[in-house]
Amino acid sequence: MHDDIQEILYSEEAIQSKVKELGEKITRDYKDKNPLCICVLKGAAPFMADLVRQIDTYLEMDFMAVSSYGASTESSGVVRIIKDLDTPVENRHVLVIEDIIDSGLTLNYLLDLLQGRNVASTKVVTLLDKPSRRTTGMKPDYSGFEVPDAFVVGYGMDYMEKYRNLPYIGVLKKAIYTDQV
Ligand code: 5GP
Ligand code: MG
Ligand code: MG
């Protein structure tokens, strides 16, 4: 285990079996819909890469980057588009792929934006859900694990751009982020 990690919450194996389960559900729901899977960069990239390989139907992939955090561990509520989609979304069945839903502010903003572009439908799949911190009515359509109120990293998720490459998801030691702020 990495020195900066206090505790592993989900092992590589636990993540992969959850991703397979989610992929099977999504396959059933999206047969013949050719969904546009939208990865919210950068955190959801490893999850998307694994998830699409467990979805057995035609689908397309696109990427969007938004910022809501800066370098802090708390959502600012201000969402800015850093990179928009390449694909027109009108009349598409859109599946937004997220790493974790915390306050829900980022996704709220994204879904409003997509609905304003006349999509056929929007659904959200998140690997992790932290409902105790929700300040919006956001509810994912598919969710992997419900996490306690702790700052987690790994499997795409970062602190100051580090730890995205850890194959597991763990709780970051408090000393790592309280020293630096
Ligand atoms: P929200 O807008 O729902 O508060 O937060 C959305 C984004 O903040 C997530 O998609 C994720 O990128 C980041 N985030 C929220 N909670 C955590 C966490 O515990 N760890 C990490 N590394 N990122 C988080
Ligand atoms: Mg994210
Ligand atoms: Mg981040």
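Analyst: Two strands pair if DSSP finds at least two bridges between them. Strands (E, at least two residues) and helices (H or I, at least four) are DSSP runs, numbered from the N terminus. The model is predicted, and local features need pLDDT of at least 70, side-chain atom pairs count only at pLDDT 80 or more, and totals for chains, interfaces and linings use all residues. Residues are numbered from 1 along each chain as its sequence is written, and chains are lettered from A and ligands numbered from 1 in the order in which they are written.

User: What makes β2 and β5 a pair, and in which sense do they run?

Analyst: Strand β2 (residues 36-41) and strand β5 (residues 93-101) are joined over four bridges, and the rule asks for at least two, so they pair. The sense is parallel. Within this pairing, I38 stands opposite V96 in β5.

User: What makes α3 a helix with one buried face?

Analyst: A residue is buried if 20 or more other C-beta atoms lie within 10 Å of its own, exposed if 12 or fewer, and partly exposed in between, with C-beta atoms placed from the backbone. In α3 the buried residues are T106, L107, L110 and L114. The arc is that of the directions from the helix axis to the C-beta atoms; here these residues fall within 85°, so they line one face of the helix. They pack against β3, β5 and β6.

User: Why is I55 called buried, although it is found in a loop?

Analyst: I55 has 20 other C-beta atoms within 10 Å, so it is buried. The loop lies between α2 (45-52) and β3. Contact (C-beta atoms, placed from the backbone, within 7 Å) links I55 to G23, I26 and T27, leaving aside neighbours within four places in sequence.

User: Which residues touch the most other members of the largest nonpolar core?

Analyst: Such a core is a set of buried Ala, Val, Leu, Ile, Met, Phe, Trp, Tyr and Cys residues joined through C-beta atoms within 7 Å. The largest has 41 residues, and I38, V96 and I97 touch the most other members. β5 gives the most to this core, with six residues. Not counting residues up to four places away in sequence, the residues that I38 touches include D62, M64 and L85.

User: What makes β1 and β8 edge strands?

Analyst: The three-stranded sheet is open and antiparallel, in the order β1-β9-β8. β1 (5-10) and β8 (152-153) each have a single partner strand, so one side of each is left without a neighbour in the sheet. β8 pairs with β9 (residues 169-172) over two bridges, and V153 stands opposite G170.

User: How do you know whether the radius of gyration agrees or disagrees with that of a compact globule?

Analyst: The radius is taken over C-alpha atoms, and the globule rule is 2.2 Å times the number of residues to the power 0.38. For 181 residues this gives a value near 16 Å; the chain has 16 Å, so the two agree.

Methods: Contact = placed C-beta atoms within 7 Å.
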